[in-house]
Amino acid sequence: MNQTIIQFFHWYSEGDGKLWHEAEQQAKYLSELGITSVWFPPAYKGTNGGYSTGYDAYDLFDLGEFDQKGTIPTKYGTKDQYLQAISALKKHNIQIIVDVVLGHKAGGDELEKFKAVKVDEENRDKIISDVIEIESYTKFTFPGRGKKYSDFEWNFTCFSGVDYAEGMDSHIFKIQSEYGNGWEEMIDDEKGNYDYLMYNDIEHRNPFVREELNTWAKWYFDQTDFDGVRLDALKHISFDFYKEWLTMLRSNSEKNIFAVGEYWAPGYLALLQKYIEVTEGCMSLFDSSLQNNFHTASKEGSSYDLRKILDETLTQADPMHSVSLVDNHDTQPLQDLEAPVEEWFKPIAYALILLREDGYPCIFYPDLYGAHYTDKDKEGNDQEIFLNKIDGLEGLLKARKDYAYGIQKDYFEDANCLGWVREGDDEHQGCAVVVSNKDAYSKPMEMGEKYIGKTFYDFLGRSDEKVLIDEKGWGNFPVPAGNVSVWIPE
């Protein structure tokens with residue numbers, strides 16, 4: 001069966017513990033659509049308690065169990081509700097991918113004094129002050145949890161940098177550390193060294209930190225029996241750390257844990273390939289280059305040459321390590337990396353990731369369910385956003401589940417209309433797919449000898465026409481203007 005992930009949340013997912021309950025209720029429906037894995041948001045307590053998305057991680061051991069940061073549940077619910085959702089999904093043979101945030105911690109419990117230097121925000125290798133003593137919230141004692149599950153207390157030696165100093169203006173401060181006064185090694189020189197992202201930046205060269213994060217991973221697996229991990233903000237974390245961490249996790253769990261990392265570098269395929277190389281292929285990456293192509297194509301409309309849509313993408317260059325996507329919580333409107341794909345183009349984009357043989361596709365919650373939220377725009381004004389369910393996405397998912405198998409043949413000779421066929425295999429009939437970003441078209445394509453004399457219909461209902469496969473195995477498959485059609489045998 002074809003594998004498909006859903007990112008079962010977005011940045012503005014409802015709070016009050018509704019998400020875990022909704023996931024439990026949706027398990028059967030997702031299974032019927034052909035979803036094989038659910039990627040959940042960070043499930044542990046953030047510094048904003050019940051309002052936290054989880055990316056401001058405070059206590060990794062608090063899955064909505066302890067009274068900390070003003071709440072027992074996380075934004076998404078209690079630990080019991082989380083485990084119930086996981087159990088419901090697993091009963092429908094859906095795997096669980098958990099979100100892992102190990103680059104920073106937020107919301108420390110106590111102030112500590114230590115030595116640091118200020119660095120230039122645009123070049124973090126450039127020191128712009130003498131060594132000074134600062135005071136920051138780098139001590140984590142977790143008073144609500146106490147010593148349950150772990151007695152490890154985080155202090156300033158566990159961090160390489162902070163952005164808060166008591167009584168001083170916000171700045172990036174590089175902690176003077178026994179593990180090295182420079183930042184950890186990164187694969188790129190963006191901002192000089194982009195190790196520091198936000199909050200208290202975790203010092204992965206500290207062996208006690210590494211041991212604690214390995215211990216936590218084994219504990220988390222034992223609690224939830226997860227099947228995969230989504231690794232946050234790889235651009236800001238030592239690549240050596242995750243090679244070791246994943247090796248330990250797979251060994252401790254005795255399970256081949258799937259891993260997909262977020263190294264967000266739209267338009268920079270070489271960086272994605274370099275990261276895969278230095279981590280020795282131990283994880284897949286989200287194809288940020290392909291997502292960027294979709295965003296650009298949706299903005300440019302019919303002037304975009306669809307024959308270039310897969311150029312310079314990980315899905316084309318290294319499909320075995322590519323997780324393809326159309327949008328995510330970072331690219332959605334009003335987020336820092338905002339680069340949404342226009343609604344009209346999304347059915348085309350989803351056809352390209354769901355019905356072709358390369359890549360491991362991930363669909364986005366608002367595209368299946370819709371979303372409505374309000375936030376500040378870049379000018380500080382309130383903006384109300386409505387994201388509609390994408391017309392035809394359910395059909396594309398079902399087509400992937402039942403028909404997107406076998407040999408693939410491409411018909412990419414037209415700048416505004418692409419087509420391809422999947423011939424099917426011993427267990428599945430095949431399909432013919434046509435996409436257009438301009439006019440209505442009919443594209444001649446060869447389905448193969450076994451389909452001679454068979455009639456095909458548009459599975460998405462875009463067309464009432466029927467296509468007869470001729471004596472040479474060819475058919476002429478229509479598509480409406482600016483849309484997608486999926487043709488399957490009657």
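Start with the lining of the largest cavity: Asp59, Leu60, Phe61, Lys105, Phe142, Arg145, Ser150, Phe152, Trp154 and Glu212. A cavity here is a set of points, on a 1 Å grid over the protein atoms alone, where a 1.4 Å probe fits but cannot get out; lining residues have an atom within 4 Å of a point. This is a predicted model: local features need pLDDT of at least 70, side-chain atom pairs count only at pLDDT 80 or more, and totals for chains, interfaces and linings use all residues. Residues are numbered from 1 along each chain as its sequence is written, and side-chain values use heavy atoms, with hydrogens and water left out.

By class, that lining has five nonpolar, one polar and four charged residues. Ala, Val, Leu, Ile, Met, Phe, Trp, Tyr, Cys and Pro count as nonpolar; Asp, Glu, Lys and Arg as charged; the others, Gly among them, as polar. The space inside is about 60 Å³. Volume means the space filled by probe spheres set on the points, with grid points joined across faces, edges and corners.

How many cavities of 30 Å³ or more does the whole structure have? Two.

Now the barrel. Eight strands close it, in the order E1-E2-E5-E13-E14-E15-E16-E17, and the pairing is parallel. Strands (E, at least two residues) and helices (H or I, at least four) are DSSP runs, numbered from the N terminus. Two strands pair if DSSP finds at least two bridges between them. From one strand to the next, the twist averages 25 degrees. Angles run from 0 to 180 degrees between N-to-C directions, and axes are lines fitted to C-alpha atoms, for helices over the stretch in contact.

Take one pair. E1 (residues 5-7) and E2 (residues 37-39) run parallel over three bridges. Isoleucine 5 stands opposite serine 37 in E2. Helix H8 (residues 346-354) packs on the sheet, touching E16 (322-325) and E17 (360-364). Contact means heavy atoms within 4.5 Å. The direction of H8 makes about 150 degrees with that of E17.

Last, two loop residues. Glutamate 312 is not a glycine, yet has a positive phi of about 60 degrees. It lies between H6 (288-300) and H7 (314-317). Leucine 334, in the loop between E16 and H8, has a positive phi of about 80 degrees.

Buried or exposed? Glutamate 312 is exposed, at 55% relative accessible area. Leucine 334 is buried, at 14%. Buried is under 20%, exposed over 50%, partly exposed in between, with a 1.4 Å probe and protein chains only.

Methods:
On a 1 Å grid over the protein atoms alone, a cavity is a set of points where a 1.4 Å probe fits but cannot get out, and a pocket is an open set with protein on both sides within 12 Å along at least five of seven lines; lining residues have an atom within 4 Å of a point.
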